[in-house]
Amino acid sequence: LYINGIGVASFVTETKMLAHLPIVLAHEPRRFLVICFGVGTTLRSASRHEGLEVVAVDLVPDVFDYFPLSHADADIVTAKPEVSFVTADGRNYLLTHPEPFDVITLDPSPPLHAAGMVNLYTREFFELCRSRLSPGGVCCLWVPPESKSQVAMVLKTFIDVFPGASLWGGIEYPGFYIIGGFAPVVMTRESLDSVVARLAE
């Protein structure tokens with residue numbers, strides 16, 4: 001997917017893990033919010049978890065129309081009653097929908113300083129996401145490869161809002177997932193093995 005000549009989304013494992021990893025780390029998730037739809041891989045992956053309500057929000061309605069061009073089973077996913085699509089700015093959606101989510105994922109279109117996208121990396125936006133999390137919920141941000149100073153600034157801002165957040169590297173593509181909630185994400189060898197086992201299911 002290209003916007004203004006810049007590649008912003010493609011078929012990579014990272015966008016699948018943007019769904020599966022925070023779902024495994026959240027406490028009994030029932031509601032999942034995707035901010036920035038891209039080609040729909042994160043929503044598609046989240047929809048495979050039974051009993052999970054999935055809401056996708058994107059400012060550009062065309063990305064929803066192109067979903068069937070990206071995934072052969074898009075019509076099946078779209079027909080699921082627990083899956084919904086909302087054309088809106090992610091920030092405005094959260095401001096007008098106080099209902100809590102158990103997982104909120106953010107994958108803003110690169111680059112970090114793109115017009116409009118930079119607002120999704122601010123302390124104020126992360127605080128808004130935190131205010132919309134359930135007590136056992138988590139927020140997961142994908143941080144694409146950028147300059148060291150830009151990445152460090154985003155990570156510090158996120159950690160200021162979500163103390164005890166955990167950082168995970170991309171599997172195939174350079175970049176990071178940073179995941180935080182109301183409680184620190186504490187990983188031991190046993191809990192990490194459990195996460196890996198669940199992801200492998």
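This is a predicted model: local features need pLDDT of at least 70, side-chain atom pairs count only at pLDDT 80 or more; totals for chains, interfaces and linings use all residues.
Residues are numbered from 1 along each chain as its sequence is written, and side-chain values use heavy atoms, with hydrogens and water left out.

**Entry: the whole chain**

I found nine helices and nine strands in the chain, these being DSSP runs (helices H or I, at least four residues; strands E, at least two) numbered from the N terminus. The C-alpha trace spans about 40 × 35 × 35 Å along its principal axes. I then looked up burial, where buried means under 20% relative accessible area, exposed over 50%, and partly exposed in between, with a 1.4 Å probe and protein chains only; 46% of the 201 residues count as buried. For contacts (heavy atoms within 4.5 Å), I considered pairs at least 6 apart in sequence, and 68% of these join residues at least 24 apart.

**Entry: the cores**

I read a nonpolar core as a set of buried Ala, Val, Leu, Ile, Met, Phe, Trp, Tyr and Cys residues joined through side-chain atoms within 4.5 Å. The largest one holds 31 residues, and L21, F32, L43, V54, Y177 and I179 touch the most other members. Among the elements that each supply at least two residues of this core are β3 (31–35), β4 (53–58), β7 (133–143) and β9 (176–181), but α1 gives the most, with seven residues. A second, separate core has 28 residues, including C36, C129, V154 and F162.

**Entry: single residues**

Is R31 buried or exposed? I found R31 in strand β3, and R31 counts as buried because its relative accessible area is 19%. Leaving aside neighbours within four places in sequence, R31 is in contact with L52, E53, E99, P100, F101, D102 and V103. The C-alpha atoms of R31 and F176, which are 145 residues apart along the chain, are separated by 23 Å.

T157 lies in helix α8, residues 148–161, and is buried at a relative accessible area of 15%. Beyond four places in sequence, T157 touches Y121, T122, R123 and F126.

Which backbone angle did I note at C36? C36 has a positive phi of about 85° although it is not a glycine; C36 is found in the loop between β3 and α2 and counts as buried at 16% relative accessibility. E28, in the loop between α1 and β3, also has a positive phi, near 45°, but E28 counts as exposed at 55% relative accessibility.

My last entry is P61, which has its place in the loop between β4 and α3 and is partly exposed, with a relative accessible area of 40%.
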